[in-house]
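Subject: Structure for your review

Dear colleague,

Please find below the sequence and structure that I am handing over to you. My notes on what was found follow directly after it.

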Amino acid sequence: MSTQKNFEEPSYLDHKGKYKGIFSWILSTDHKRIAILYLFSLLTFFAIGATLGLLMKLELIAPGKTIISAQTYNAFFTLHGIIMIFAVVIPGLPAVFGNFFLPIMIGAKDVAFPRLNLLSWYFYVTGVTLVLISQFTGQGPPDTGWTFYAPYSFRTTGNMLPAVFGAFVLGFSSILTGLNFLVTIHRMRAPGMTWLKMPLFPWTLYATGWVQLLATPIIGITLLMIIAERTLHIGFFDPTLGGDPILYQHLFWTYSHPAVYIMILPAMGAISEIIPTFCHKTIFGYKFIVASSIAIAFVGYFIWGHHMFTSGMSGTALYTFSLLTFIVAIPSAVKVFNWISTMHKASIDLQTPFFWAIGFLFVFMIGGFSGLILGSLATDIHLHNTHFVVAHFHFIVFGGTGFAFFGAMHYWYPKITGKMYDSRWANMGLIIFFCGFITLYGEMFFLGMKGMPRRYYDYDEIFHTGNIFSSLGAVVMYFGLAIIIINLVSSLRNGAKAPSDPWGGKTLEWTIPSPPPVENFEEIPVITKGPYDYK
Amino acid sequence: MKTIENEKNHIIPYKTFLYVLAGLIALTLTSVTLTRISLGTLTVVIALIIAGIKSSFVLRIFMHLKFENKMFSRAVIGVITLLCAVIIITLLDYLNR
Amino acid sequence: MTHRDDLASKTGMWLFLFTEMLLFGGLFIVYSVYRYRNPIAFHQAAQELSVFIGTINTIILLISSTTIAMSITAIQKKNKKLALSLLGITIILGLAFLVNKYFEWGEHFKEHIYPGSAVLALRGHGDILFYGLYFFMTGLHALHIIIGLVFIMVITFSIKKDKIDHENYVLLENSGLYWHLVDLIWIFLFPLFYLIT
């Protein structure tokens, strides 16, 4: 597709609207500005969460107390989990890249409900603020883990209420984003863009929107029940009052398992955009990728019990959940097959986003396979609540969503900022980050198999060497992250001017200027071809 | 996107609503009476079936689903089915402990 | 400047209703489990609720759903006065429901039956769970009645000021949808708490 000619309209960054200064950002209903608001707040919270992680790893570099107390360690892993899950990877790609690019990729000027979009950002910031407040008020920060398991979550003297309520508020943000995207995709696709001509990133945002909409309310009500338990002694999860703590786990995971598909589906969508672009070849098996996204969202709803294999559930529940868990791996495998098939006999342009994409494939596969080991009942008995689980979810969530987020960041940076970054520093940062990542989390598989429990402040001497490797990996990874982020920040000032289409992409965002004008398109395009029409 | 107002919208006559109300009240009183006299576990099943019938009237007439794009009805059925599936799977644990 | 898309607005409202269905759905999950585990206690505790008040409240909500549905027909037929009257009746009926609830709950409180009370704790697990669910679910439902009434009042003012009329009434429809959902939830709460005797 040819580039639209430059027209007079200023970019969304230079646009002078009703408000001035900071208010032109925090009162803006432009989806692109809201995406940037999310980006900056998300990266801030990520920095907090990552620092907590680093401090935890430094504590674990030797048995016994190293730098913090046991209670502080418990508070740290709790806050690390709450921030990373609820404030980073769940909003993650949808809130940043979905907000910025969904309307553009479907040929629209904004989302269906722009004011609701801004409201969802307000909910986001409010929710995280409440969570952070829990650290500094009451009788000590929460120490239950991000999973808030009953009965400890209503017995602990830790400051649960702001943290739990903060998570509740964050749920609203997620629901509103999903709702907005669903209506946008249904009602605002450009003329000629049938469902099967829509690019794959919007498709994953669609599947994700349904999960956000239908799963989040369950954790909403569950968190309210925890608040009722703490304040009213209502008894739902208190065995002394007739309640069942396992029911809490059922309710919690009925959301929190589909939540991981909120994390990974848009990530897979971004990878599905990056690969065809740098292969200069249409994606292999477009319809299968669409179908697999929907299948993952659907089947993912029924497998939550695999987090509870050792909790005391009935035997019937155990094998039902294990079987369904294995089934959900199939559509993911379909995607991996299709991505690799796209690369086969392609003319590959080795750029930073593509390196992130193949890094994603590598770590996602490891995370996925380790998931099958955990999904199998007999092996899970030994591995549940060990570092094996910690390794699994960091490979698949940090490796999956995280790598895709950084890939998307490097892919769409020229479009968002109008600048090119230094790809040598970007690649160097990636390599250092990758080496640190593999060491940090790979070692955890072995520690887990040897029996080291998770969420433990102290450990037996036999785990010491492994922990040294792992913790050093954390330091290296952190260093790589710093290079990546500093490069992106400094390129804002020093980067070369970006053209409309630096990579040779075919989707609609590459037909408009970098950075885009406020209303995205001078004229809404009429679509006649599929999204990856390379010839 | 072009301006889309309500397409020459289908107007439901007042009488239709009143007939449906009469039916709903009748069903309510029926379920109260039946549960007074009825037997064991069947009571709940009957009460829930009647509740289901009342709901379908509210959904189809009051909430206009009968006259909307079929997509809406399918979504409602989908959501209700999803909720039932989650309840059933959860009970799979409790029924077999 | 921005084109109006009523279908998008209605779709958004339906999607929001789905979240409400799942929100209460979580409580229905809890109800199912504890009802299964404590059948006799639930059966007996239900007898302490007034079927009479419950039935009246059910009928109140059914009538209020009828009146708000009819108000849409009235607006479509350009009968602003009738629409406003019907919405007025809807609001009054909603308030009547809340007043009934207030007295109902008051009776329980007089007997020292409420979540966390010592009296309730002495009665056994089944009763604690029954009343816990009763207060939480009817309480959350009452909160939604209040939200619905506020929404309807705002819409009523908009109609008075002619911001909503026979050519632009999707907000009235949306407030109706929300109100019907509140009615639907009660249609299930009523048998599950009052009629399982």
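Chain C exposes about 7400 Å² of surface, and 68% of that area is supplied by carbon and sulfur atoms. Please bear in mind throughout that this is a predicted model.

The fold of chain C

Chain C contains 7 helices and 0 strands, so that, read from the N terminus, its elements follow the order α-α-α-α-α-α-α. Along the principal axes, the C-alpha atoms of chain C occupy a box of roughly 65 × 30 × 25 Å. Of the 197 residues in chain C, 63% are buried.

The interface of chain C and chain B

How many residues of each chain take part in this interface? On the one side there are 50 residues of chain C, and these are in contact with 48 residues of chain B. In general, the size of an interface is often given as the accessible area lost when the parts come together. Between chain C and chain B, about 4500 Å² is buried, 74% of it on carbon and sulfur atoms.

The rule finds 1 salt bridge across this interface. The salt bridge is formed by the side chains of Glu68(B) and Lys10(C), with a distance of 2.7 Å from N to O.

On the side of chain C that touches chain B, at least two residues each come from helix H1 (6-37), helix H3 (51-76) and helix H7 (170-194) of chain C. H1(C) provides the largest share of that side, 17 residues. Sorted by class, the side of chain C that touches chain B comprises 29 nonpolar, 12 polar and 9 charged residues.

Ser314(A)

One residue of chain A also deserves a note. Ser314(A) is located in the loop between helix H10 (286-299) and helix H11 (315-343) of chain A. Is Ser314(A) buried or exposed? Ser314(A) counts as buried because its relative accessibility is 3%, and the cut-off for buried is under 20%.

Beyond its neighbours within four places in sequence, Ser314(A) is in contact with Leu92(B), Asp93(B), Asn96(B) and Arg97(B). With Leu92(B), a polar atom of the Ser314(A) side chain lies 3.1 Å from the backbone oxygen.

With kind regards

Technical notes: Residues numbered from 1 in each chain as written. Chains lettered and ligands numbered in written order. Predicted model: local features only at pLDDT ≥ 70, side-chain atom pairs only at ≥ 80, totals over all residues. Heavy atoms only, no water. Contact = heavy atoms within 4.5 Å. Buried area = accessible area lost by both parts, 1.4 Å probe. Salt bridge = Lys/Arg side-chain N within 4 Å of Asp/Glu carboxyl O. Helix = DSSP H or I, 4+ residues; strand = E, 2+ residues; numbered from the N terminus. Nonpolar A, V, L, I, M, F, W, Y, C, P; charged D, E, K, R; others polar. Buried < 20%, exposed > 50% of the residue type's maximum accessible area, 1.4 Å probe, protein only. Polar contact = N/O pair within 3.5 Å; in protein donor to acceptor, adjacent residues only side chain to side chain. Areas by Shrake-Rupley, 256 points an atom, 1.4 Å probe, with all protein chains shown as cover.
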